[in-house]
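Please keep the sequence and the structure in view while reading.

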Amino acid sequence: MTDRRNLFNKVWDLHTVRSLAGGQTQLFIGLHLIHEVTSPQAFSILRDRGLKVQYPERTLATVDHIIPTDVQLRPFADGLAEEMMSAIEKNCRDFGIRLFNLDDKRQGVVHIVGPEQGLTQPGMTIACGDSHTSTHGAFGSIAFGIGTSQVADVLATQTLALSRPKVRRIEVTGKLRPGVFAKDVALHIIRKLGVQGGVGYAYEYAGEVFDRMTMEERMTVCNMSIEGGARCGYVNPDQTTVDYIRGRPFAPTGADFERAAAWWTSLASAKDAEFDDHVTFDGSQIEPTVTWGINPAQSVGVSETLPALATFTADDQKGIRDAFEYMDLHEKQPIRGVKINVAFIGSCTNGRISDLREAAAIAKGRHVAQGVKALVVPGSQLVREQAIAEGLDKVFEAAGFQWREAGCSMCLAMNPDKLQGREVCASSSNRNFKGRQGSPTGRTLLMSPAMVAAAAISGCVSDVRDLL
């Protein structure tokens, strides 16, 4: 008989230590990633209880959230940022954990570093004190964002107590049209299913569109799973996955790699695998997508107008009015032409080399509009190094973009890169909540890196297809 379990349940079962009395599962965690913001309290818990890190070799630390992307001289001007940096350096020394610090060329955003080093592999369970840990599911792993107390649990026991979610298969069929990218696919799914649509679910992404995606594109979609309420999201491992991992620093080598690759691909959900729910979208119907509101589901295609209030239920209309008022937009207004002040290309969603290439292709030979501040922030030092080798830094600088060092930057603005006042930002990041980018009144429009570049050049939301 064939195994009708989907990949999620196969991996969950393989990592189950025991079933707990309350119905949860004690799950072994294969890889633990930490950064400077959510780890200090966890290490304090260990010290208070006299505990050690159970398997330090299974934890990797990097610094990203509070790192300045312009002047990186120590001590940092921000005292709290310097305190967090000093804490993670001491904690990693004291507990024997590998740290990719600023003086290490492997440093970068945690969800970019894991894959590019070959640490992220199919069939793993992965945890990190960061909500966008779902990124790693692109490799056929199940990856969870966790809270500070859970970070301490993993450090001390290498396990977590978790409730098993249901699994929804999201199939995107057909072929994407020119100018439509993985970010548009993610925003389209969230728009259709809602920010609460994935609550209680893991998402399996499947279909021709995902089959054709590169690993970096798959990472973008999986990264956004949490924005649709899902516990995690993943893509079944295939030859694209195997080819990406081959030769990376922490990947198996030689015969060990071939054995691992055969096992990885064997984990994929079978054609007759069982799911708790199944939805299908036609990829050819997706167009460049832009958020207009204060959550990632409030979006429209670039050729569309903002929705009419009458299309929402009476219960939802108050929230829609709030979004319109906060964003200073109105119903039935075209999204195209909305003015911007800032353009940000980067983040764990869209700070990889392919993202920079897509944006550079739009920026080349053009110039940022007068009055627009535009930043390009590579997701890691290795991404930055590769971009420089390809001359992308020169393309961006010639076009009037600021070329920065690696870090989280303006995604969540726990560093000097912040919006000021009511500025409107075209952003390739993952969240458009009130105050997300550092100003309590700042406004964020999420879109693909290519669309951000187009907005930076025109000074307003534009259709990147006009510039291709």
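## Nonpolar cores

The largest nonpolar core has 57 residues, and those with the most contacts inside it are Trp292, Leu356, Phe396, Phe401, Leu445 and Met447. A nonpolar core here is a set of buried Ala, Val, Leu, Ile, Met, Phe, Trp, Tyr and Cys residues joined through side-chain atoms within 4.5 Å, where buried means under 20% relative accessible area, exposed over 50% and partly exposed in between, with a 1.4 Å probe and protein chains only. Among the elements that give two or more residues to this core are α11 (314–327), β15 (342–345), α13 (353–363) and α16 (449–458), and α16 gives the most, with 8 residues. Helices (H or I, at least four residues) and strands (E, at least two) are DSSP runs, numbered from the N terminus.

Phe401 touches Ile345, Ala363, Val368, Ala374, Leu375, Val376, Phe396, Ala453 and Ala456, not counting residues up to four places away in sequence; contact means heavy atoms within 4.5 Å. A second, separate core of 42 residues includes Phe8, Ile67, Cys92 and Ala156.

## Basis of the model

This is a predicted model, in which local features need pLDDT of at least 70 and side-chain atom pairs count only at pLDDT 80 or more, while totals for chains, interfaces and linings use all residues. Residues are numbered from 1 along each chain as its sequence is written, and side-chain values use heavy atoms, with hydrogens and water left out.

## The parallel sheet

An open sheet of 5 strands runs in the order β5-β4-β3-β6-β7 with parallel pairing, two strands being paired if DSSP finds at least two bridges between them. Its edge strands, β5 (98–100) and β7 (142–145), each pair on one side only.

Strand β6 (residues 125–128) pairs in the parallel sense with β3 (residues 31–34) over 3 bridges and with β7 over 4 bridges. Ile126 of β6 stands opposite Leu31 and also opposite Ala143 in β7.

## Helix α10

In α10, Phe257, Ala260, Ala261 and Trp264 are buried. Seen down the helix axis, the buried residues fall within an arc of 105°, so they line one face of α10; the arc is that of the directions from the helix axis to the C-beta atoms. These buried residues pack against α9 (239–245).
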